[in-house]
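Here are a few friendly notes to read alongside the model. Have a look at the structure first, then follow the points in order.

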Amino acid sequence: MCLYPRHRHSLHCILPPHLSREIVRNGSKEQRERVLRTQAVDNTLRAMRLARSGLARMGAQFQPGPIMVAGQKLRTIFDMKNSQEFPGLMARSEGQANSSDVCINEAYEGLGATYDMYQEVFSRNSIDGQGMPLHAHVHYGHDYDNAFWDGERMVLGDGDGDIFNRFTIAVDVIGHELAHGVTEHEGPLTYFVQAGALNESLSDVFGSLVKQHLLKQKADEADWLIGQGLFTKNVEGQALRSMKAPGTAYDDNVLGKDPQPARMRDYVHTWDDNGGVHINSGIPNRAFYLVATQLGGYAWERAGHIWYETLRDPRLKPNATFLSFARLTVLSAARLFGSGSDEEKVVRDAWSQVDIRVSRERVGEPLWGPGVQPPPQQSGQQPPAQ
Ligand SMILES: [Zn+2]
């Protein structure tokens, strides 16, 4: 969403704008037409959200959100039947048996995997922490090449079958989109430049954790890809992004080459894509990958907790930079696992491997502002349970 300053409940699409641009530049007539049609729909949805948020600010009648139910998973999948008129037909609700439609089942399982990861790992009750029901709408539009979270619901297109498969196919795509909801509820990260890239990276981190948790994979067993399975066989590429090796996810004559940098020296300065939010997210993505693999075991146990506590840290500012975020992760590691712990050292080392240096002496200095006190030292605290 191209807004600055940030407002709540932006429209977050999984497909980065640089990918669409490459298809428009290199694709066939049909491929170009499809991507332009998808972009036109996305732009309309953004305009509608802007208009609604303007009305809300003026105190006009605002459509009520879903009813909150505390402490339970509550999924509903709607079949849009290729229309764009919400909500579509209710196709499967919580506890109902499998549908004959793979998209309905994948959306149901994806919402469930996301809910379970947040509940079991972080004791978080849904996106807002208060049991928000999870709604997904599948078969949105014709050949719609995208998936998005609009603050209230997840919407998934069928893909065109030429470049993209159905968007329900990758559970981490669902995890990524819902993580934008968590970030909006918890963190104040502006969707612009480095703070925006951190926002994107957090969605990749928690999206990947949803997949790893579902598959019970340890850090060294995970693929660390985002959107694996989304590309058809026609594409030279494995996924939208690689957290392990940013810049290597795809290299294709229509999609171009994955533009993500893996370290700060290769940071991309651009005004496109809200200042490269889907591009420079490769840098904090790789830092998380390094922390998780160097600590070993399940990534959500230690690395995931450190990142989650950083997201929830009140000192995380809307305009956070990679460096200020990195400092907070070091502080979170020290708070969770002890000052001088291996975890703290691994986090600091990982950031330095992506050219972001958090010095031991200065780690806390710029973070203590007026009225913000450092947290009490909890040296030797036991690692949280998974
Ligand atoms: Zn995103």
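1. Are His180 and Glu200 buried or exposed? Both of them are buried. Please keep in mind that this is a predicted model.

2. These two residues belong to the zinc site. The zinc ion is coordinated at 2.1 Å by His176 through NE2, His180 through NE2 and Glu200 through OE. Read along the sequence, the donor residues follow the spacing H-x3-H-x19-E. Since His180 sits in helix 4 and Glu200 in helix 5 (residues 193-215), the pair ties together parts that are 20 residues apart in sequence.

3. Helix 4 (residues 171-186) also packs with helix 3 (residues 102-122): their axes come within 9 Å and cross at roughly 55°. That angle makes helix 3 oblique to helix 4, and the crossing is right-handed.

4. For the contact itself, helix 3 brings Glu106, Ala107, Gly110, Leu111, Ala113, Thr114 and Tyr118, which meet Val171, Ile174, Gly175, Leu178, Ala179 and Val182 of helix 4. By type, the residues of this contact divide into 9 nonpolar, 3 polar and 1 charged.

5. Asp313 counts as buried because its relative accessibility is 6%, where the cut-off is under 20%. Leaving aside residues up to four places away in sequence, Asp313 touches Leu328 and Arg335. From Asp313 to Ser332 there are 19 residues in sequence and 8.4 Å in space, C-alpha to C-alpha.

Definitions and conventions:
Residues are numbered from 1 along each chain as its sequence is written. This is a predicted model: local features need pLDDT of at least 70, side-chain atom pairs count only at pLDDT 80 or more; totals for chains, interfaces and linings use all residues. Side-chain values use heavy atoms; hydrogens and water are left out. Axes are lines fitted to C-alpha atoms, for helices over the stretch in contact, and angles run from 0 to 180 degrees between N-to-C directions. Helices (H or I, at least four residues) and strands (E, at least two) are DSSP runs, numbered from the N terminus. Angles under 35 degrees count as roughly parallel, over 145 as roughly antiparallel, 65 to 115 as roughly perpendicular and the rest as oblique. A crossing is left-handed if the near helix is turned anticlockwise from the far one by less than a right angle, and right-handed if clockwise. Contact means heavy atoms within 4.5 Å. Ala, Val, Leu, Ile, Met, Phe, Trp, Tyr, Cys and Pro count as nonpolar, Asp, Glu, Lys and Arg as charged, and the others, Gly among them, as polar. Donors are N, O and S atoms within 2.8 Å of the metal (3.2 Å for Na, K and Ca); water is not among the atoms, so sites may look incomplete. Buried means under 20% relative accessible area, exposed over 50%, partly exposed in between (1.4 Å probe, protein chains only).
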